[in-house]
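Work through these exercises with the model open.

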Amino acid sequence: MLRMLLLFTQATLAATSDDVPDFSATGRPFLQKYCLSCHNEQEKNAKLSLEPLADSAAVVKQRRITDKVLRVLAAGEMPPQDAPVRPSGEESDHIQTQLKTILDHADRNASPDPGRVTMRRLNRLEYRNTIRDLMGVSFDPAADFPADDIGHGFDNIGDVLTLSPVLMERYIAAAETVVEQAIAAVPPPVVKRHLSSTYTEPASGDVASKLMENGFRRMTSDGTEPIAVGPLHTPYKWEDGDYTFRTKVYARSGSDQPVKIAILVHGPQLADRSTDEELAVLAGNVLKPAKILQTIEVRATERDQAETIELPVPAIAGRERMMIALVRPDAGQPATTLWVEYFALDGPLDTRPASHRKLLACDPAKPQPEQTREILQRFLRRAWRRNVTPAEVERAATLADQTVAAGESWESGMQLAMQAALCSPAFLFRVEHDPNPQSPEIRPLTEHQLASRLSYFLWSSMPDDTLLDLADAGQLNSQLTEQVRRMLADPKSSALVQSFALQWLQLQRLDVAAPDATLFPTFTPELRAAMKRETELFVDAVLRENRSLTDLVAADFTFLNEPLARHYGILDNLGNREGQPEPKPGGQPIKGNEFVRVSLQDPQRGGLLTQAGILTVTSNPTRTSPVKRGRWLLEQILGSPP
């Protein structure tokens with residue numbers, strides 16, 4: 001360890017100096033004395049000649065040979081033990097320091113070469129997420145796409161992501177399905193629900209025999225039984241949008257005062273609520289929280305005169321039930337009675353999908369051709385992740401205009417224009433247009449290119465409106481740190497774990513791992529899923545909490561559910577183990593399939609290298625494999641393949 005530290009210090013000090021060694025004067029004699037007798041152009045032992053390493057420039061140019069020399073010298077493998085002449089430790093250390101200094105000086109003073117930019121196709125995950133965020137549909141349009149090609153262990157390497165004829169056919173079919181799901185060319189009819197008052201709540205076996213009179217359910221403002229006093233109510237399954245509520249009633253007051261009723265909406269998470277004082281005027285046990293939509297005087301007093309009451313139900317978040325309640329009569333007045341025939345609810349009144357309303361939102365006062373261009377300009381900017389030209393908007397709008405001219409609906413025309421946009425290379429590929437591709441000059445990314453790189457790295461999806469607006473204003477680069485923090489805080493950043501971390505760690509192989517069932521009978525599908533989820537949550541925590549990279553291999557926490565905790569022999573969230581002599585007090589037992597954060601007490605457990613999923617994918621079905629695990633460690637963690 002001390003020798004390695006000394007070598008590193010020498011190389012670092014030398015690299016910071018302007019005195020770069022001349023390899024032809026100081027290093028070449030070393031090669032001639034100890035190496036060239038075997039590694040020359042004639043002999044080429046191990047298919048290696050060191051003749052090209054003539055001077056410092058050659059050391060840099062022949063970097064692969066230089067790196068190999070450094071490895072074998074550091075390991076003491078060369079010259080071999082039976083060589084007639086071997087260098088001393090000081091000589092070996094000196095030549096290694098020289099080589100590292102030359103390479104480091106070249107690296108720090110070389111002209112940057114960003115390389116070429118491959119026009120990268122969206123992979124399946126990126127396509128699915130982009131369609132989700134662009135179109136607002138929830139199904140998976142890429143489910144039947146061919147598997148993406150893999151390069152260097154990852155499925156987003158542009159050089160291997162080809163576009164086959166089969167995939168192009170699937171893109172066209174998917175685009176058609178997506179726009180049909182997102183935009184309704186013919187909106188479906190409004191759903192109408194009708195419920196007899198017999199089946200409203202409060203419910204009881206006595207409702208039909210005691211409270212129903214010729215199809216109407218009776219309520220009274222006084223009494224001791226809740227089923228007679230009300231309010232009547234029933235739950236509904238709601239969607240976004242406005243509804244219409246109807247009921248048919250008649251009432252009697254026993255005096256000259258009219259009977260008043262209130263129509264309410266109720267829900268435990270209701271956003272807009274009436275106060276307790278406002279609800280106190282109503283008879284019976286009113287479910288709270290509730291919102292009085294309207295108070296109405298009932299003038300019909302006989303069944304054959306029963307009146308139909310209809311009122312709008314606005315889109316209040318958290319609504320769950322509709323209620324009808326009697327307003328208590330004034331003090332000293334007789335009780336009032338109400339008869340209710342049914343509850344009816346129509347809606348949502350706008351049956352177009354939410355994606356339809358969002359995609360086709362525009363100024364209704366404009367002529368239809370102007371609406372078309374307003375919508376497509378906004379859509380193409382988001383779909384193609386850049387500003388679009390008037391000619392591009394006009395070309396797309398022409399498709400919609402021609403569809404309308406052929407006698408089809410405007411919505412059908414918008415479907416066709418958007419479908420064409422989804423089949424465009426500008427959507428299917430991450431295009432970074434270079435106006436001067438032959439120039440060796442280094443040019444910064446444009447703001448829109450930066451927005452795409454950022455969003456597809458952290459979200460595996462398109463830039464959102466915030467990124468695009470900042471790019472339009474030329475302010476994204478100056479606010480890069482703030483935007484990265486914002487994006488990591490967004491739930492969509494879980495894609496960074498799914499698309500990068502699991503591929504980096506090769507944890508997808510856990511899905512097909514098959515430990516011997518006889519030797520490992522506790523390896524169940526539930527345990528397999530828990531192993532994978534532990535690593536996902538762990539890497540996600542390191543990223544979101546901005547923890548040290550060393551936590552990846554030496555953390556003092558992890559995430560466990562009951563099956564995985566049992567597998568590890570851990571009892572609670574403080575990391576107490578089965579049979580531990582002095583457990584920490586206050587730990588909560590780990591129960592069920594819900595994952596909890598667990599502190600680790602055992603210094604031998606912590607970080608990726610000890611997690612069950614990693615150990616499983618680097619093992620054979622019947623036993624562990626030091627070879628597989630060693631190769632995985634070299635490639636995935638140390639970045640130094642064998």
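**Exercise 1.** Which residues make a nonpolar surface patch of about 300 Å²?

Solution. The patch is made by Val 553, Leu 609, Leu 633 and Leu 638. Patch residues have over 30% relative accessible area and no salt bridge; nonpolar side chains (Val, Leu, Ile, Met, Phe, Trp, Tyr) are joined within 5 Å, like charges within 9 Å. A salt bridge is a side-chain nitrogen of Lys or Arg within 4 Å of a carboxyl oxygen of Asp or Glu. Areas come from the Shrake-Rupley method with a 1.4 Å probe, and for residues only the protein chains shown count as cover.

Before going on, note the source. This is a predicted model: local features need pLDDT of at least 70, side-chain atom pairs count only at pLDDT 80 or more, and totals for chains, interfaces and linings use all residues. Residues are numbered from 1 along each chain as its sequence is written, and side-chain values use heavy atoms, with hydrogens and water left out.

**Exercise 2.** Describe the largest pocket.

Solution. Start with volume: about 1100 Å³. A pocket is an open set of points on a 1 Å grid with protein on both sides within 12 Å along at least five of seven lines; a cavity is a set where a 1.4 Å probe fits but cannot get out; lining residues have an atom within 4 Å of a point. Next, the lining: 35 residues, with Val 117, Glu 432, Leu 445, Gln 449 and Arg 453 nearest the centre. β12 (429–430) and α17 (447–458) are the elements giving two or more residues. α17 gives the most, four. By class, the lining has 13 nonpolar, 10 polar and 12 charged residues.

**Exercise 3.** How many cavities of 30 Å³ or more does the structure hold? Describe their linings.

Solution. There are two. The largest cavity has a volume of about 50 Å³. Its lining includes Glu 534, Phe 538, Leu 600 and Arg 605. α21 (525–544) and β13 (557–560) each supply at least two lining residues. The second largest cavity has a volume of about 40 Å³. Among its lining residues are Ile 570, Arg 577, Leu 600 and Arg 605.

How values were computed
Points joined across faces, edges and corners; volume = space filled by probe spheres on them. Nonpolar A, V, L, I, M, F, W, Y, C, P; charged D, E, K, R; others polar.
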